[in-house]
Amino acid sequence: MFARRSTLPWPLVALFTAGYLAPYLLPTTVGRLDSGLSLTATEAGAVGSALLLSSASAGFLLASRVDRLGPRTLARVGLALAVLGYGGAALAHAVPAVVVGALIGGFGSGTATAVAATGIAAQPDPHRTTTAGLLGVSALAGVVYLTVPHLGQGHGQPLAAIALTALAVWPLTGRLPLATTPAPSRDTATAPLPHLRAGLLLAATAPCWSLTQNALWGVSGRIGLTQAHLSETTVGAVFAIALGAGLLGVVGAGALGPRLGRALPIGGGTVLIAACITLSASATDLTTFATGEIAWNTLYPIVLSYVIGLAASLDPRGRWAVLVGSASSLGTAAGPLTGSVLASQAGFPVMGTVLAAGLLLIAAPMTAVALGAGRRTLPVVEIQVETQAYDKATAA
């Protein structure tokens, strides 16, 4: 296992940033595929969904194998696939080559995220590490949104940004542990998952939660361009400001920590996000569009940090964190296509109403899981045994 340390694990934060950047850049990626490759909005959304589905499949495949295969090795494989896949897609002009590159890059992002999630779950304060990772990815995505409109037309710029980020994170993987040896008294790879009912419920609701978020996020660029009649530069500036507001929200969540528990931020935050989605989807001018997007981007990373922390609290070895994260990625993957289909069939305002209603339905079970987790304590003895096993393995 990863060692539990009091200092912030910067390699995991960087790896988290590299893995999560693709979903954060989804609106500009899908929009550029739409305009740069002459795809329809639905086809561009489908490519975005395929990218994220590939990322989710990596998480499911590697959920219980990170320690056995080696965090350092897997992280480097994932980053290499991200560089090759996204870089190739950025340089290619044929649609099939772009799709293949996006799929390869998506699998690399999912691999990096799986390693990061496993390591974060083993930290003394998973929420603190998660908020640091969200700060990193939000800040970087904000810079990309401000920069891309000034780099010319074409589909390659956002994809190249993801590839370059993966390349920049590579040197930090040297500080990740190699393959570790499980404690001799138990097989850590096949040990049963703790808190099975709560974990399954969270894994079942996470895709719905993520789908609604990314259905809006995947078409937000089109809402700004076509319904609110804004320029790409203005839309990019709104997204950058919104992600900046998200930074402030994450800083606040990190400072607040567990003082309010997890139930209130997850349940109450989800209800507020539903209202923001409705507002954004109905925007017809800059004021309404900016208000909805900024409010939503402020709340989304806050709630996400508590959801990730909740999953990590269910299993200190990180398996629930990876499984819930991968299940969430399934919803993320379906989001762009869902948003595109709903918008094309019923219009953006109706899409927003449908998505908000879905969020309100799943707020209750997610809050119930958070309430139950708040009454539990982590299995400290188990953590100590695994930490000792890690120390022996690395010492050897």
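This is a predicted model: local features need pLDDT of at least 70, side-chain atom pairs count only at pLDDT 80 or more; totals for chains, interfaces and linings use all residues.
A residue is called buried when its relative accessible area is under 20%, exposed when that value is over 50%, and partly exposed in between.

A second residue, L330, belongs to helix α13. With a relative accessibility of 34%, L330 is therefore also classed as partly exposed. L330 and S54 are separated by 276 residues in sequence, yet by 9.0 Å in space from C-alpha to C-alpha.

H229 is placed in the loop between α9 and α10 (232-256). Its relative accessibility of 63% is over 50%, so H229 counts as exposed. The backbone of H229 has a positive phi of about 60°, although H229 is not a glycine. G105, by contrast, lies in helix α6, and its relative accessibility of 0% means that G105 counts as buried. The C-alpha atom of G105 is 8.7 Å from that of A80, a residue 25 positions away along the chain.

Of its 27 residues, 19 are buried, so α6 is largely enclosed by the rest of the structure. From its first C-alpha to its last, α6 reaches 38 Å, close to the 39 Å expected at 1.5 Å a residue. Helix α11 (residues 263-281) can be examined in the same manner. Its 19 residues should span 27 Å at 1.5 Å a residue, and the end C-alpha atoms are 27 Å apart, so the two values agree. Buried residues of α11 include A263, P265, I266, G267, G269 and T270. Further along α11, I273, A274, C276, I277, S280 and A281 are buried as well.

The largest nonpolar core has 111 residues, and L15, W209, F289 and M351 touch the most other members. Helix α12 supplies the largest share of this core, 14 residues. Because domain 1 (9-178) and domain 2 (194-375) both give residues to the core, it lies between them.

Two or more lining residues come from each of α1 (10-24), α3 (41-62), α6 (95-121), α9 (196-227), α12 (286-313) and α13 (319-346). Helix α13 gives the most, with 8 residues. Both domains take part, since the lining draws at least three residues from each of domain 1 (9-178) and domain 2 (194-375). In composition, the lining of the largest cavity divides into 25 nonpolar and 16 polar residues, with no charged residues.

Note on methods:
Residues are numbered from 1 along each chain as its sequence is written. Side-chain values use heavy atoms; hydrogens and water are left out. Helices (H or I, at least four residues) and strands (E, at least two) are DSSP runs, numbered from the N terminus. Ala, Val, Leu, Ile, Met, Phe, Trp, Tyr, Cys and Pro count as nonpolar, Asp, Glu, Lys and Arg as charged, and the others, Gly among them, as polar. Domain bounds come from an automatic or database domain assignment. The expected span of a helix is 1.5 Å times one less than its number of residues. Buried means under 20% relative accessible area, exposed over 50%, partly exposed in between (1.4 Å probe, protein chains only). A nonpolar core is a set of buried Ala, Val, Leu, Ile, Met, Phe, Trp, Tyr and Cys residues joined through side-chain atoms within 4.5 Å.
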